[in-house]
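The sequence and the structure are shown first.

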Amino acid sequence: MKTIGLASDHAGYPLKEQVKEWLKALGYEFVDFGTHSTESCNYPEFAHALAEAIEKGELATGIAICGTGNGINMTLNHHDAIRSALCWMPEIAALARQHNDANVMVMPGRFINPDSAKECVEIFLSTPFEGGRHQARIDAIPVKR
């Protein structure tokens, strides 16, 4: 059974709670890195915890949510091992996996309806990376220091 990492801020918390129910129904387990309420908080704390778990190999995949999706997505993508994609429609979720080998999907909690969010989750978790011509692009993402 695959375990999915979850992270959100206060604006993403309600959708994250729905995602938990969808994951259970799909047979997935999850680790919730927070937040655990709608009380105002800072998303980087939870984004870093999710990213570090993926970098350590404790998890392979994550789903994160904040109000617009932008802030938590930017934070996640500061980690070299993370390829986080902001998804608000199923086609983008599919392409994030197929072409970008995204290992974290971010959704905009204030701007996505639950039906689209559920479809994005299902597609993101079931779509494989195509490899091929896309692999060289993925290999070129990390900054050479």
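## Helix packing, cores and local features

In this predicted model, the axes of helix H4 (residues 90-98) and helix H5 (residues 114-126) come within 8 Å of each other and cross at roughly 20 degrees. Angles under 35 degrees count as roughly parallel, and H4 and H5 are therefore roughly parallel to each other. The crossing in which H4 passes H5 is right-handed. On the H4 side the contact involves Pro90, Ala93, Ala94 and Arg97, which meet Glu119, Cys120, Ile123 and Phe124 of H5. Sorted by class, this contact of H4 with H5 has six nonpolar and two charged residues, and no polar ones.

H5 also packs with helix H1 (residues 13-26), at an angle of about 50 degrees and with the two axes 11 Å apart. H1 and H5 are therefore oblique to each other, and H1 passes H5 in a right-handed crossing. From H1, the residues Leu15, Gln18, Val19, Trp22, Leu23 and Leu26 make the contact, and from H5 the residues Pro114, Ala117, Lys118, Val121, Glu122 and Leu125. The contact of H1 with H5 divides into nine nonpolar residues, one polar residue and two charged residues.

| Helix pair | Axis angle | Axis distance |
|---|---|---|
| H4 and H5 | roughly 20 degrees | within 8 Å |
| H1 and H5 | about 50 degrees | 11 Å |

Which residues touch the most other members of the largest nonpolar core? In this core of 22 residues they are Leu15, Val19, Leu23, Ile63, Met105, Met107 and Val121. At least two residues of this core come from each of strand E1 (3-8), H1, strand E3 (61-66), H4, strand E5 (104-108) and H5. The element that gives the most to this core is H5, with five residues. There is also a second, separate core of 17 residues, and among its members are Ala51, Leu59, Ala64 and Ile72.

Val104 lies in strand E5. Is Val104 buried or exposed? Val104 has a relative accessible area of 0%, and because buried means under 20%, Val104 is buried. Apart from residues up to four places away in sequence, Val104 touches Leu50, Ile54, Gly62, Ile63, Ala64, Leu76, Ile82, Arg83, Ser84, Ala85 and Phe124. Val104 and Asn77 are 27 residues apart along the chain, and their C-alpha atoms are separated by 9.4 Å.

Thr35 has its place in the loop between strand E2 (29-32) and helix H2 (43-55), and the peptide bond from Gly34 to Thr35 is cis, with omega near 0 degrees. In the loop between H4 and E5 is Asp101, whose phi is near 50 degrees, a positive value in a residue other than glycine.

Asp80 is found in the loop between helix H3 (70-76) and strand E4 (84-86). Once its neighbours within four places in sequence are left aside, Asp80 is in contact with Glu55 and Arg145. Asp80 and Ala51 are 29 residues apart in sequence, and the C-alpha to C-alpha distance between Asp80 and Ala51 is 9.3 Å.

Conventions:
Residues are numbered from 1 along each chain as its sequence is written. This is a predicted model: local features need pLDDT of at least 70, side-chain atom pairs count only at pLDDT 80 or more; totals for chains, interfaces and linings use all residues. Side-chain values use heavy atoms; hydrogens and water are left out. Axes are lines fitted to C-alpha atoms, for helices over the stretch in contact, and angles run from 0 to 180 degrees between N-to-C directions. Helices (H or I, at least four residues) and strands (E, at least two) are DSSP runs, numbered from the N terminus. Angles under 35 degrees count as roughly parallel, over 145 as roughly antiparallel, 65 to 115 as roughly perpendicular and the rest as oblique. A crossing is left-handed if the near helix is turned anticlockwise from the far one by less than a right angle, and right-handed if clockwise. Contact means heavy atoms within 4.5 Å. Ala, Val, Leu, Ile, Met, Phe, Trp, Tyr, Cys and Pro count as nonpolar, Asp, Glu, Lys and Arg as charged, and the others, Gly among them, as polar. A nonpolar core is a set of buried Ala, Val, Leu, Ile, Met, Phe, Trp, Tyr and Cys residues joined through side-chain atoms within 4.5 Å. Buried means under 20% relative accessible area, exposed over 50%, partly exposed in between (1.4 Å probe, protein chains only).
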